[in-house]
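Here is a short walk through a protein model with a ligand in place. Have your viewer open and follow along from one site to the next.

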Amino acid sequence: MTYTLFYSPDSANVVVRMALEEIGASYEALEVDRRQQAQSSPAFLKFNPQGLLPVLVDPAQDEPLFETAAIVLHLADQHGVLKPLGAAARGRFLKWLFYLSNTLHADLRMLFYTERYASGPAAIAALQTRLHARVLGHLGLLEAELARHGGPWLLGDALSVCDLYLGACVRWSQLYPRGNALGAQAVSALPRVAGLMERLEQREAVRRAFAAEGIAPPLFLGPGYPAHAVV
Ligand SMILES: N[C@@H](CCC(=O)N[C@@H](CS)C(=O)NCC(=O)O)C(=O)O
């Protein structure tokens, strides 16, 4: 059984790709050229009517999957890995996965595409300032959660898809929007989040996922831009 992942370098697909690599699942990756707006083409809209990456095709499912959190939750459930195994931890897993998706990633998206939410340079700059503060608040909350239980991963002892999702968000927050990203010092000021990033960076599967998208280390702390990313 082989999955198909639609991707563009350094887009949200990298969260799914890290999960696929960690699982050791068989998948093929098809690039959607965002420089040509291919994510809005009729052919791609059949897979995701939102015109957003990622999309994962699981041949065992009746429709293609979109939404990063839904895809990685599906993979974790199908393979029984990258999630807490005890029934009592299911709620904790879901709440943090949804927090990353609905709060941290949602605010990052608004920061990356501010021109879709505000008109004119002054309004855009003002909204970006508010969003910087919000993203820092979210990262501070995650730092406090890691301090509360002692880590090393967001859900405690074991790596989960939440850590992969958080890693991508922390990476992007230092890179995008180009010219007005948060900056690496915002992350290095959070020692527990930064420590989690260092642990992620050491993982072979994580490095393979980024290498497949043409992205070299450092991946999470002071990262650089890929050759042709359009986030
Ligand atoms: N809520 C979506 C957001 C995905 C998303 O923001 N994808 C971006 C790339 S990181 C995208 O496809 N952007 C193209 C566009 O907005 O035109 C998810 O979690 O999958």
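E21 is buried, because its relative accessible area is 16% (buried means under 20%, exposed over 50% and partly exposed in between, with a 1.4 Å probe and protein chains only). You will find E21 in helix 1, residues 13-23; helices (H or I, at least four residues) and strands (E, at least two) are DSSP runs, numbered from the N terminus. The side chain of E21 makes a polar contact of 2.8 Å with the side chain of R208. A polar contact here is a pair of N or O atoms within 3.5 Å; within protein, one must be able to donate a hydrogen and the other to accept it, and residues adjacent in sequence count only if both atoms are side-chain atoms.

A word on the source: this is a predicted model, in which local features need pLDDT of at least 70 and side-chain atom pairs count only at pLDDT 80 or more, while totals for chains, interfaces and linings use all residues. Residues are numbered from 1 along each chain as its sequence is written, and side-chain values use heavy atoms, with hydrogens and water left out.

Now turn to the ligand. It has 14 residues around it, and L53, E67, T68, R109 and Y113 come nearest (a residue is near a molecule if one of its heavy atoms lies within 4 Å of it). By type, this shell divides into 6 nonpolar, 4 polar and 4 charged residues; Ala, Val, Leu, Ile, Met, Phe, Trp, Tyr, Cys and Pro count as nonpolar, Asp, Glu, Lys and Arg as charged, and the others, Gly among them, as polar.

Which atoms meet the ligand? A polar backbone atom of L53 is 2.8 Å from a ligand oxygen. A side-chain N or O atom of E67 is 2.9 Å from a ligand nitrogen, and a side-chain N or O atom of Y113 is 2.9 Å from a nitrogen atom of the ligand.

Two of these residues also deserve a look at their backbone. L53 is joined to P54 by a cis peptide bond, with omega near 5 degrees, and P54 lies in the loop between helix 2 (42-45) and strand 3 (55-57). E67, in the loop between strand 4 (65-66) and helix 3 (68-79), has a positive phi near 80 degrees. E67 counts as partly exposed because its relative accessibility is 37%. For context, most residues other than glycine have a negative phi, and most peptide bonds are trans.
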